Amino acid sequence: MFDKYMVPTRGFQNVTQNGQITGFQMKVRITYYRGIFLPLVSSFDVTVDGEQFKPEQVRFTLGNHTYTMDELGKAEKVHWDFGVPATLTILKPGGLKPGIHDVQVVETVKPSYMPPSGFTGKMRRKITLVA
């Protein structure tokens with residue numbers, strides 16, 4: 001539906017903790033026009049430069065709260081509004097090298113009135129990571 005707005009170019013950066021690069025981040029938006037409660041988020045499949053990341057490597061941050069993919073299912077009262085960017089943090093020691101990267105994100109949500117497979121938003125674009 002609104003796939004072309006799912007991954008903005010801003011916010012693509014490495015994450016540093018205690019002086020070590022532990023991964024990278026990107027902003028994402030919900031592609032479903034009504035927004036959703038977090039337990040309805042089924043998955044985020046992230047691939048960068050052909051490297052696909054496992055769900056265990058993905059963290060989702062909305063506002064001041066960060067969740068693993070498993071924890072999203074327990075955040076029953078948290079609503080992700082349409083147009084509001086969230087942050088995906090991908091745990092990858094050393095992060096990504098500065099430069100242009102081929103990024104693909106597939107976002108699957110499962111509203112109750114959709115087929116069991118859910119609703120999938122998909123975006124692939126080139127984004128520049130600046131050191």
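# Reading a sheet, a helix and a core

Guide: Asp-70 is found in helix α1, which covers residues 69–72; helices here are DSSP runs of H or I with at least four residues, strands are runs of E with at least two, and both are numbered from the N terminus. This is a predicted model, in which local features need pLDDT of at least 70 and side-chain atom pairs count only at pLDDT 80 or more, while totals for chains, interfaces and linings use all residues. Residues are numbered from 1 along each chain as its sequence is written, and side-chain values use heavy atoms, with hydrogens and water left out.

Visitor: Is Asp-70 buried or exposed?

Guide: Buried means under 20% relative accessible area, exposed means over 50%, and partly exposed lies in between, using a 1.4 Å probe and protein chains only. Asp-70 has a relative accessible area of 67% and is therefore exposed. From C-alpha to C-alpha, Asp-70 lies 9.3 Å from Ser-42, although the two are 28 residues apart in sequence.

Visitor: What is the order of the strands in the open sheet?

Guide: Two strands pair if DSSP finds at least two bridges between them. Here the four strands follow the order β5-β4-β10-β11 with antiparallel pairing, and the edge strands, β5 (51–53) and β11 (119–129), each pair on one side only.

Visitor: How many bridges join β4 to β10?

Guide: Seven bridges join these antiparallel strands, and Ser-43 stands opposite Thr-108 in β10. On to the other pairings: three bridges join β4 to β5, where Thr-47 has Gln-52 as its bridge partner, while eleven bridges join β10 (residues 99–109) to β11, with Val-106 opposite Lys-122. In the hairpin of β4 and β5, two residues lie between the strands, and Asp-49 takes a positive phi near 50°.

Visitor: Why is strand β4 described as largely enclosed by the rest of the structure?

Guide: Six of the eight residues of β4 (residues 41–48) are buried, so this strand is largely enclosed by the rest of the structure.

Visitor: Which residues touch the most other members of the largest nonpolar core?

Guide: A nonpolar core is a set of buried Ala, Val, Leu, Ile, Met, Phe, Trp, Tyr and Cys residues joined through side-chain atoms within 4.5 Å. The largest one has 34 residues, of which Phe-60, Trp-80, Leu-88 and Val-105 touch the most other members; among the elements that each supply at least two of its residues are β4, α1 and β10. Contact means heavy atoms within 4.5 Å, and, leaving aside neighbours within four places in sequence, Phe-60 has contacts that include Phe-44, Met-69, Leu-72 and Trp-80.
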